[in-house]
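Work through the exercises below with the sequence and the model open. Try each task before you read its solution.

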Amino acid sequence: MPGLAIVGAQWGDEGKGKITDLMAEQAGVVVRFQGGNNAGHTIVRGDEVYKFHLIPSGILYPGKLCLIGNGVVLDPKVLADEIEGLKRRDVDTSGLRVSANAHLIMPYHMLLDQAGEARLGDLRIGTTKRGIGPCYADKAARLGIRVQDLLDEKILKQKIYAAMEPKRLMLRPFEKEPELDLHAMTEDYRTFGHRLEPYITDTSRLVWDALDDDRLVIFEGAQGTLLDIDNGTYPFVTSSNPVAGAACVGAGVGPRDINDVWGVTKAYVTRVGAGPLPTELDDEIGAHLGRVGGEVGTTTGRPRRCGWLDLVALRYAARINSLNGLAVTKLDVLTGIDPLRVAVRYSGPEGATFDSFPYHQSIMHKARGEYVELPGWHEDISGVRRVADLPQNARAYLEYISEFVGVPIVLVGVGPGRDQVIWSESTRPLQAVA
Ligand code: GDP
Ligand code: IMO
Ligand code: MG
């Protein structure tokens, strides 16, 4: 009963979509377990580029069971548009299923997200403004509206009324917005309900069935470990738990159902939005990483902040997620930068140094990377498919990472394409799992 969790080991956008797509070929089920359409997962197949916000990155295999788990917050309009977009491109979406227990993002969640950010001013988080935080807040407050509520007009209207009343004051500037009209909202969401009804089911059961049948289940994470609401750089985080442990809660399985946990990490770091990034580069090298790596947000189009690889944060991510494999993406982007640097500790305020990830917000805000220099390489590696064919310095860079973090590298990305990947010898047996 193999369960494989694929999670972000940094601040999101590590390339989870690509790795999930690669592994999904052998999987029975791919399930998203948290987050919402704040995510943007890119898959490149030849000349075709797909960007998924809600639909799991296994959907390109016809009929593959792709589940949106109970832990996800779901904007039904975004999902309906995503399904339509795929149908227009002749992608078979018959394997898609949506948990009846997933929570719905409502129009007022998006307005509250915008209003909250505006109110914070300079202290803003830099959210995607997709209503993620307010939706999870309503879930915790037990005022959430779930996918199953779409199917009953009376219940839907009652629940929207109960959820919206406490927000009227906060939304006063938007009082006249037509999208806040109770009747129109109920009508709109009923229409989404009709469109999504064929997909709505008990997704946990489908995961259990696959596990019982010994089929591979991939738990596809969104965002990344350092954006985790409990373990990340709070309050500059998302409102869910992108760590591997949350795969259990958000897909409805127990910890023993997950056998392998792979952390996806870029060969450097990026971050979209505000918050600490101890290895950030405000110089030409940072700009170079952004340019060569195409570091623009998949969901919001914002430029991503770039920096040297942060091994302090990565080792922390390895511990929090109990990683037993690292997927290192975008090694190709480092080609030509010589020497390279990796952060092995932080310097903090008043000359203090930190070998491990500091829990205190004030320290994290002032933390700066202390580096080890490693020699770079100049050869084009985008066509390399075997570790042995990588330049010696690229191999040494990977070995340094793996040794420092204490986790074996299972694969390396050398370009956005599906084939631009180097599998490690140790991963090959896992590839054979059907
Ligand atoms: P995700 O949110 O973790 O799925 O990542 P995104 O899709 O937001 O961002 C990753 C970007 O890097 C996408 O544009 C991918 O096509 C691209 N990508 C993934 N792996 C590689 C790689 O190994 N090399 C390069 N150059 N690009 C990659
Ligand atoms: P994927 O799955 C990168 C960031 C936002 C912001 C913070 C909170 O593509 O890796 P939110 O809208 O979630 O309340 O915003 O989290 N963020 C992401 N950054 N990749 C993502 O998803 C992200 N999802 C949210 O930029 O800093
Ligand atoms: Mg992304």
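**Exercise 1. Find which backbone atoms lie close to an oxygen of ligand 2.**

Solution. This is a predicted model, so read every distance as computed from it.
- Step 1. Start at glutamine 223. One of its polar backbone atoms is 2.8 Å from an oxygen atom of ligand 2.
- Step 2. Go to valine 272. Here a polar backbone atom and an oxygen atom of ligand 2 are 3.1 Å apart.
- Step 3. Lysine 16 places a polar side-chain atom 2.7 Å from an oxygen atom of ligand 2.
- Step 4. Widen the view. Ligand 2 has 20 residues around it, and Asp13, Lys16, His41, Thr128 and Thr238 come nearest.

**Exercise 2. State how the chain is divided, and how many residues of each domain are in contact with the other.**

Solution. 
- Step 1. Domain 1 covers 3-83 + 203-433, and domain 2 covers 103-198.
- Step 2. The C-alpha centres of the two domains lie 30 Å apart.
- Step 3. Count the contacts. Domain 1 brings 27 residues, and domain 2 brings 21 residues.

**Exercise 3. Describe the largest nonpolar core.**

Solution. 
- Step 1. Size it. The largest nonpolar core has 60 residues. Leu74, Leu79, Leu96, Tyr108 and Ile160 have the most contacts inside it.
- Step 2. Find the main contributor. Helix 6 (residues 182-196) gives the most to this core, supplying five residues.
- Step 3. Compare with the domains. Domain 1 and domain 2 each provide at least three residues to this core.
- Step 4. Look for another core. A second, separate one has 58 residues, including Trp308, Leu326, Ile381 and Ala394.
- Step 5. Zoom in on leucine 96. Leaving out residues up to four places away in sequence, leucine 96 touches Ile55, Pro56, Ile59, Cys66, Ile68, Leu79, Ile83 and Tyr199.

**Exercise 4. Aspartate 81 pairs with lysine 77 in a salt bridge. Where do the two sit relative to each other in helix 2?**

Solution. 
- Step 1. Side chains of opposite charge can pair when their charged atoms come close.
- Step 2. Check the distance. From N to O, the side chains of aspartate 81 and lysine 77 are 2.9 Å apart.
- Step 3. Use the helix. Both residues belong to helix 2 (residues 76-88); they are four residues apart, so about one helical turn separates them.
- Step 4. Check accessibility. Aspartate 81 is partly exposed at 39%, and lysine 77 is partly exposed at 45%.

**Exercise 5. Which parts of the chain does the salt bridge between glutamate 280 and arginine 305 tie together?**

Solution. 
- Step 1. Check the distance. The closest N and O atoms of glutamate 280 and arginine 305 are 2.9 Å apart.
- Step 2. Locate the partners. Glutamate 280 lies in the loop between strand 12 (269-271) and helix 9 (284-292), and arginine 305 is in strand 13 (residues 305-307), so the pair ties together parts 25 residues apart in sequence.
- Step 3. Check accessibility. Glutamate 280 is partly exposed at 28%. Arginine 305 is partly exposed at 22%.
- Step 4. Look for shared partners. Salt bridges join Asp13, Lys266, Glu295, Arg304 and Lys330 into one network.
- Step 5. Take the total. The structure holds 22 salt bridges.

**Exercise 6. Are glutamate 165 and arginine 168 buried or partly exposed?**

Solution. 
- Step 1. Confirm the pair. Glutamate 165 and arginine 168 form a salt bridge, with the closest N and O atoms 2.8 Å apart.
- Step 2. Read the areas. Glutamate 165 has a relative accessible area of 33%, and arginine 168 has 41%.
- Step 3. Apply the cut-off. Buried means under 20%. Glutamate 165 is therefore partly exposed, and arginine 168 is partly exposed as well.

Conventions. Residues are numbered from 1 along each chain as its sequence is written. Chains are lettered from A and ligands numbered from 1 in the order in which they are written. This is a predicted model: local features need pLDDT of at least 70, side-chain atom pairs count only at pLDDT 80 or more; totals for chains, interfaces and linings use all residues. Side-chain values use heavy atoms; hydrogens and water are left out. A nonpolar core is a set of buried Ala, Val, Leu, Ile, Met, Phe, Trp, Tyr and Cys residues joined through side-chain atoms within 4.5 Å. Buried means under 20% relative accessible area, exposed over 50%, partly exposed in between (1.4 Å probe, protein chains only). Domain bounds come from an automatic or database domain assignment. Contact means heavy atoms within 4.5 Å. A salt bridge is a side-chain nitrogen of Lys or Arg within 4 Å of a carboxyl oxygen of Asp or Glu. A residue is near a molecule or strand if one of its heavy atoms lies within 4 Å of it. A polar contact is a pair of N or O atoms within 3.5 Å; within protein, one must be able to donate a hydrogen and the other to accept it, and residues adjacent in sequence count only if both atoms are side-chain atoms.
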